[in-house]
Amino acid sequence: MSVFVRMGGRLEHILNLEIALDCPHCNVHSHLSAVSVPRYEYLARFKPERTGIVFRCDSCNEAVFLRFQVVHYAADHAELDNLYEEVERAGERFEINGNGGKVESLFNEALTCYAIGCLDAFASMCRRTAQAVFDDLGESGKLNVFDEFNDAARLAGIDDETLSLMRKVVFDSDSEGRSNIPDLDAENAGVLLEMMKDLLYQVYIRRGRLRRALQERTHRLEDPGSQSA
Ligand SMILES: [Zn+2]
């Protein structure tokens with residue numbers, strides 16, 4: 001259903017939009033309510049191809065700006081597409097304890113690229129992050145990561161076409177030059193983001209926790225006097 005900006009500033013169908021997203025200010029997945037709508041009179045005068053609406057985040061009350069394509073200008077209203085473009089994204093940081101410093105700094109640059117919408121740079125930094133992971137793990141480790149990546153995709157119900165795109169970014173080598181990194185649209189970039197976080201979680205956080213837990217357990221078995229942990 002499209003959104004209509006009518007003469008006199010009324011906005012129709014916006015209540016049916018059901019906009020919910022990760023708020024760039026509070027990071028909470030939250031509903032948004034429209035608070036500032038463009039005036040039809042100005043839209044009709046300048047006829048921009050895209051325009052924006054300011055919403056408020058229902059969780060933190062901050063302003064969130066979303067951009068919309070204008071589909072059609074009529075005599076008394078402008079029709080906006082119901083698909084919107086996020087202008088700001090939540091700035092995330094990823095922390096890896098232990099010896100993943102290089103991986104952490106590369107991936108945090110990837111997150112910055114994503115947050116400001118530089119998706120090509122984001123894909124390149126994801127590949128560099130993955131290369132640093134494979135340097136850490138060696139060739140057999142890379143094969144394990146490949147299997148885990150496919151398993152995670154299957155669990156998440158990612159379709160084959162998207163998965164093959166993700167695999168190209170993450171696992172293909174640079175031998176043919178970095179121009180072989182596929183172009184990602186916003187949706188694919190979002191999928192890649194979650195897949196990369198899962199990959200790093202599997203390799204660095206989950207294994208690290210398990211290893212520490214097992215070490216503590218062995219330590220307790222060898223030295224039953226240290227039950228305090
Ligand atoms: Zn918020």
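Guide: Helices are DSSP runs of H or I with at least four residues, strands are DSSP runs of E with at least two, and both are numbered from the N terminus. Residues are numbered from 1 along each chain as its sequence is written. The model is predicted: local features need pLDDT of at least 70 and side-chain atom pairs count only at pLDDT 80 or more, whereas totals for chains, interfaces and linings use all residues.

Visitor: In what order do the elements of the protein run from the N terminus on?

Guide: The secondary structure comes to 5 helices and 7 strands. Read from the N terminus on, these elements run β-β-β-β-α-β-β-β-α-α-α-α.

Visitor: What is the radius of gyration of the protein?

Guide: Along its principal axes the C-alpha trace spans about 80 × 50 × 30 Å. The globule rule, 2.2 Å times the number of residues to the power 0.38, is set against a radius of gyration taken over C-alpha atoms. For 229 residues the rule gives 17 Å, and the protein is more spread out than a compact globule because its radius of gyration is well over that, at 23 Å.

Visitor: At which residue does helix 3 bend?

Guide: Helix 3 (residues 119-156) spans only 22 Å between its end C-alpha atoms, whereas a straight helix of 38 residues would span 56 Å, the expected span being 1.5 Å times one less than the number of residues. The bend is the angle between axes fitted to the seven residues ending at a residue and the seven starting there. In helix 3 this angle is about 120°, and it falls at glycine 138.

Visitor: Is serine 124 buried, exposed or partly exposed?

Guide: A residue is buried if 20 or more other C-beta atoms, placed from the backbone, lie within 10 Å of its own, exposed if 12 or fewer do, and partly exposed in between. The buried residues of helix 3 include Ala123 and Met125, and serine 124 is also found in helix 3. Because serine 124 has 18 other C-beta atoms within 10 Å, its class is partly exposed.

Visitor: Which residue of strand 7 stands opposite phenylalanine 4?

Guide: Strand 1 (residues 3-6) has Val3 and Val5 on its covered face, with Phe4 and Arg6 on the uncovered one. Strands pair if DSSP finds at least two bridges between them, and 4 bridges join strand 1 to the antiparallel strand 7 (residues 77-86). Within strand 7, the residue opposite phenylalanine 4 is glutamate 79.
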